[in-house]
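The sequence and the structure follow.

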Amino acid sequence: MIVNPQSFNYRLIIGSLIVAVAILTVYSFTSYKSIVSHQQFIEQEKKLVESELSQMITRYDDVSISNDLISSQLEDAKLATKLTLDSLRMVRSDLSVLAKFKQQLFNIKLKNKTLFKTADSLGQVNKGLEKEKLLAYNQLRKQQRENSSLVKENKNLNESIEKGALLTANSFKAKGYENSFGIKKSSTKAKRVQSIEVCFILAENSLTKAGDKELYIQIVNPKNNVVADKGSVTFGESNLIYSAKKIVTYNNDVVEVCIDVDADTKDQPLVKGNYYISIFHKDRKLGSTQVNLN
């Protein structure tokens, strides 16, 4: 068999080219897959860095602290982390850029470790202080309630003492008298009676302030007019029209008091009916009685 050298050479060249093209195709495909895998790895790493930066920003927002210096440092760190995240999202990713941002992430983590530790420590201190503040507030409220109760008790006690110290009287009596030739005689005849004697007893009371006591007698006739009108006396917003006034020295012992109230000429002769007698110390009524004249 005769082989043509030139034809053989062509075949050899074509075969070599086919093999070369096949090898190049396989290499290109392998390189392409390697580049794609490399790019996917970079993108994945970039997303991980972005995720960690985002989590840090969220951590900043979750930290609440009243210390102005730490709050300012946290705000500065948050701003720096946001700027890093924004820059990472804007740049085209490659290994050198990613390495740079990973280093920034490491530095931020290192700084935040101390910062968050300080914030947590201060947070614990603040919780302790808030607890102590709440306990102190509750204790204060308890003390205020106790004080309020004591004030109320003292007020009630003072009121009881004041009531117990009031001047009191009893055994009120009244009689009509006529004057016959200088002799005083009791009478129930309205046309003959010229005066009404009022008697009562001031009770013993060691709490009452001793001294002179102004006592007022008011006698009202059946027509509701004051007998022997001596005018009026004012106590605060109260006015008292009285028939007689007597100053009695009181030394905390029993005192028997009798007062003669002479009817004015204009009141005589006295009208028939019941006469109502009231005894006052200042504006407080000590008691009353009545006498019937026929």
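Before reading any accessibility, I set down the cut-offs: buried means under 20% relative accessible area, exposed means over 50%, and partly exposed lies in between. I also note that this is a predicted model.

Entry 1, A165. I located A165 in the loop between α3 (95–164) and β1. I read its relative accessible area as 22%, so A165 is partly exposed. I then listed its contacts, leaving aside neighbours within four places in sequence, and found N205, L207 and T208. I also looked up K209, which is 44 residues from A165 along the chain; the C-alpha atoms of A165 and K209 are separated by 7.3 Å.

Entry 2, the sheet. I asked in which order the strands of the open sheet are arranged. The order of its four strands is β2-β1-β3-β8, and the pairing is antiparallel. I recorded β2 (183–186) and β8 (255–262) as the edge strands, each of which pairs on one side only. From one strand to the next, the twist averages 30°. I checked β1 (residues 169–180) against β3 and found antiparallel pairing over seven bridges.

I placed S195 in strand β3, which covers residues 195–202. Is S195 buried or exposed? Its relative accessibility is 10%, so S195 counts as buried. Opposite S195 in β3 stands Y177. Beyond neighbours within four places in sequence, I found S195 in contact with K175, G176 and Y177, and also with V261, D262 and A263.

Conventions:
Residues numbered from 1 in each chain as written. Predicted model: local features only at pLDDT ≥ 70, side-chain atom pairs only at ≥ 80, totals over all residues. Heavy atoms only, no water. Buried < 20%, exposed > 50% of the residue type's maximum accessible area, 1.4 Å probe, protein only. Contact = heavy atoms within 4.5 Å. Pairing = 2+ DSSP bridges. Axes fitted to C-alpha atoms, helices over the stretch in contact; angles between N-to-C directions.
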